[in-house]
Amino acid sequence: MLTAMQNQPLTLVADRRPWVRRLDLDPRRIAALTAVGYLSLSWIASTLNERNDLGSVTRPAAGLALAAALLVPTRQWIWVAVGITFGQSAFIFVNGAPIGVALAGSAAACIEAFVGAGVVRRLGNADGELIPVRNYLSFLIGGVVVGPLVAGVVGMFVLSAAGADVMNRMPHLRLSDMLGILIFAPLILAPAGRVRRSRTETV
């Protein structure tokens, strides 16, 4: 009996690997939550601003997309992309844009979220934490600045090729995405970070 107990692995130490601490949800749930959240936030922002186009003052859906990319493992980004594509395409298409423009806008939204999340993680903030200050700076650099700017450059060419006249509106679109990420992504990331830290400490 003593020998059997000695051979059993110890499990008292918390597993602190970042990919273990991230949410590991069912892929269909990730896609559904992202799609419903993205479409709902886009509709709410459009309604509050009394506009039915892409030029809202701020786009909270962009903050949701970045937060979703930071809260799940990279291997599950494909399901976040499915959710973003469905939510963004549905919103744009319902407002009268051609399907090509809707898909192009969805591609730009995915690029924005994944480039931003990738830069945040490359800067050493694997879980999208907002504390300490160095983690918040990585969020600002990657999520608020780099992601929207890269998406803006790519989106400008893609949407133009799809027949959308976005050249004059692109700076406003980038600013609205940056504000959406700056304001709304922390509303998701901060509570998630507290839950993650509390679970890690109690293991």
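**Exercise 1. Locate P132 in the chain, and state which form the peptide bond from I131 to P132 takes.**

Solution. In this predicted model, P132 lies in the loop that connects α6 with α7, the latter covering 133-161. Turning to the backbone, the peptide bond that leads from I131 into P132 is cis, and its omega is near -5°.

**Exercise 2. Describe how α4 and α6 pack, and classify their arrangement.**

Solution. Two packed helices are described by the angle between their axes and the distance between the axes. For α4 and α6 the angle is about 50° and the axes are 9 Å apart, which makes α4 oblique to α6. Their crossing is right-handed. The next step is to name the residues that meet: α4 contributes A62, A65, L66, A69, L70 and L71, while α6 contributes E112, A113, F114, G116, A117, V120 and R121. Sorted by class, the residues of this contact are 10 nonpolar, one polar and two charged.

**Exercise 3. Decide whether α3 and α5 are roughly parallel or roughly antiparallel, and list the residues in contact.**

Solution. Helix α3 covers residues 27-48 and helix α5 covers residues 77-94; their axes come within 7 Å and cross at roughly 30°. Because angles under 35 degrees count as roughly parallel, α3 and α5 are roughly parallel to each other. The crossing of α3 and α5 is right-handed. On the α3 side, P27, I30, A31, T34, A35, Y38, L39, S42, W43 and S46 take part, and they meet W79, V80, V82, G83, I84, F86, G87, Q88, A90 and F91 of α5. This contact has 14 nonpolar and six polar residues, with no charged ones.

**Exercise 4. Carry out the analysis for α3 and α4: which way do they run relative to each other, and which residues meet?**

Solution. The axes of α3 and α4 are 8 Å apart, and the helices pack at an angle of about 160°. Such a value makes α3 and α4 roughly antiparallel, because it lies over 145 degrees. Their crossing is right-handed. From α3, the residues T34, G37, Y38, L41, S42 and A45 meet P60, A61, L64, A65 and A68 of α4. By class, eight of the residues in this contact are nonpolar, three are polar and none is charged.

**Exercise 5. Judge where the predicted coordinates call for caution, beginning with the mean pLDDT of the chain.**

Solution. Over the chain the mean pLDDT is 80, with 77% of residues reaching 70 or more. Confidence is highest in helix α4 (residues 60-71), with a mean of 94, and lowest in helix α2 (residues 18-21), with a mean of 42. Two stretches stay under 50: residues 1-6, for which the model has zero contacts beyond four places in sequence, and residues 8-22, for which it has 19. Where pLDDT is low, the predicted coordinates should not be read in detail.

Key:
Residues are numbered from 1 along each chain as its sequence is written. This is a predicted model: local features need pLDDT of at least 70, side-chain atom pairs count only at pLDDT 80 or more; totals for chains, interfaces and linings use all residues. Side-chain values use heavy atoms; hydrogens and water are left out. pLDDT is the predictor's confidence in each residue, from 0 to 100. Helices (H or I, at least four residues) and strands (E, at least two) are DSSP runs, numbered from the N terminus. Contact means heavy atoms within 4.5 Å. Axes are lines fitted to C-alpha atoms, for helices over the stretch in contact, and angles run from 0 to 180 degrees between N-to-C directions. Angles under 35 degrees count as roughly parallel, over 145 as roughly antiparallel, 65 to 115 as roughly perpendicular and the rest as oblique. A crossing is left-handed if the near helix is turned anticlockwise from the far one by less than a right angle, and right-handed if clockwise. Ala, Val, Leu, Ile, Met, Phe, Trp, Tyr, Cys and Pro count as nonpolar, Asp, Glu, Lys and Arg as charged, and the others, Gly among them, as polar.
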